[in-house]
Every structure is written in C-alpha cells, then in structure tokens.
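Please look through the model below.

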Amino acid sequence: MKKLFQAFFRKNFSTKVLVLIPIAVGINLIGGTLCSALKLPLFLDMIGTVLVACLAGPWVAALCGLITNLFLAIVTNPVFFPYAPVSILCGLVTGYLVKAGFFKNIVGVIFTWIACTLTNSFTSSLITIFVYGGATGINTSSLATAALIAATKEIVFSVFSTSLIENLIDKGLVFLIVYWLVKKIPKRFSSQYAPLDNASLTNGKAEN
C-alpha cells in the first residue's frame, strides 16, 4: 500500500505541479472572496482548479479545490467548509474529462462545463439541504431559494433549481475564462506537464 501511494504521488505531484497549486488556490481565493464580499449570486472560486485540471490532471485539481474551500472557510465564512467535497468532485470530473480529450474544442468544453455544473449542483444541493436546511445566506441566491420554497413547498426542487441556474452561469464564466487562458499558454510551458496532452490544448505555436 505504501509503495502504491508513493507511486501515485510521484506520478501526480511532481515539483513542477506542486508549484502550480498555491497559484491556483490564490486565483480561486480572489474570485471567491470578491463574490462573497459583494454578495454576488456567483462564486468564481474554481478558475484555478479548472486551470490546474487542464495542466496537471484531476487529482491535483481535487487538492486545489479542497485547499480553496479550507481557506475560504477561514478567511471569509465557515459555511464554505462543508462544501469541500463539492470542489473535490468537480476537480476530479473536470480533470478526467480534460484528460479524455474533452477540452480540445468548444464542443468538448461545453460538455465539460455541463458535467461540472451538474456535479456541483447535485452535491452542493444535498449539502445545503441536509447541513443548512435549504439556504446558507452567503449570497443573494438564498433569497430566490427561500421564495421558491415558500411558493412550491418543495425544498429539494427549490434548492436544486436555484443551484443549477446559479452554477450554469458561474461555471460558464469559469470555463470561458480558463479556455481562453489555456489557448494563450505557450506550448513550451504547457508541454512540461506530462499527464495531459497539452499540446493539443494550446494554440500549438511554440514561443521563442
């Protein structure tokens, strides 16, 4: 078991990859903290996670998601802590889809965006319902959820519907930003990260 873990760690967490993690987490924290402070119906706390998923694979992305939620819980609001599994799952789903080649064109990006959105909406809705009773109050979407619950008396439908709409917009912006960034990354940089076929993700033009 120890040897398997060591082999897994060497394969997925090289020194070059480890350097990316604090950068990605920092990007996540900027987006997440800003949206939380402004009470926006968005999160934007997965830009770094999705970017790392493209460069270094699913498990590194999952770790970035976990660390991001831990820091957000400390520096902004403890309500973020129970949602750590959501970030982990989204990092894994995105990373494996990217690894399977779904980030090579806009159709694949849209598919990955939808998959990440559904994963996030389903898992976060379960946490919101069972941990927080249907609303967290961290942004204005909680007001929409409360209104739907009052109108329909269906807490599961209300929470999932609000979460789905919110995540479609939020993750849409995240994936649009990351896709643009990935296309701008020089091949000489992206090619250092062997787990993925990054040559096909970038514009293919090596820079001097």
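Predicted model: local features only at pLDDT ≥ 70, side-chain atom pairs only at ≥ 80, totals over all residues.

Modeller: Residues are numbered from 1 along each chain as its sequence is written, and side-chain values use heavy atoms, with hydrogens and water left out.

Biologist: Is Ile177 buried, exposed or partly exposed?

Modeller: Ile177 is found in helix 8; helices are DSSP runs (H or I, at least four residues), numbered from the N terminus. Buried means under 20% relative accessible area, exposed over 50%, and partly exposed in between (1.4 Å probe, protein chains only). Because its relative accessible area is 34%, Ile177 is partly exposed.

Biologist: Which residues touch the most other members of the largest nonpolar core?

Modeller: A nonpolar core is a set of buried Ala, Val, Leu, Ile, Met, Phe, Trp, Tyr and Cys residues joined through side-chain atoms within 4.5 Å. Of the 40 residues in the largest one, those touching the most other members are Val52, Val60, Phe103, Val174 and Val178. The elements giving two or more residues to this core are helices 2, 3, 4, 5, 6 and 8. To repeat the names asked for: Val52, Val60, Phe103, Val174 and Val178.

Biologist: What is the phi of Leu44?

Modeller: Leu44 is found in the loop between helix 2 and helix 3, and at 19% relative accessibility it counts as buried. Most residues other than glycine have a negative phi. Leu44 is not a glycine, yet its phi is positive, at about 50 degrees.
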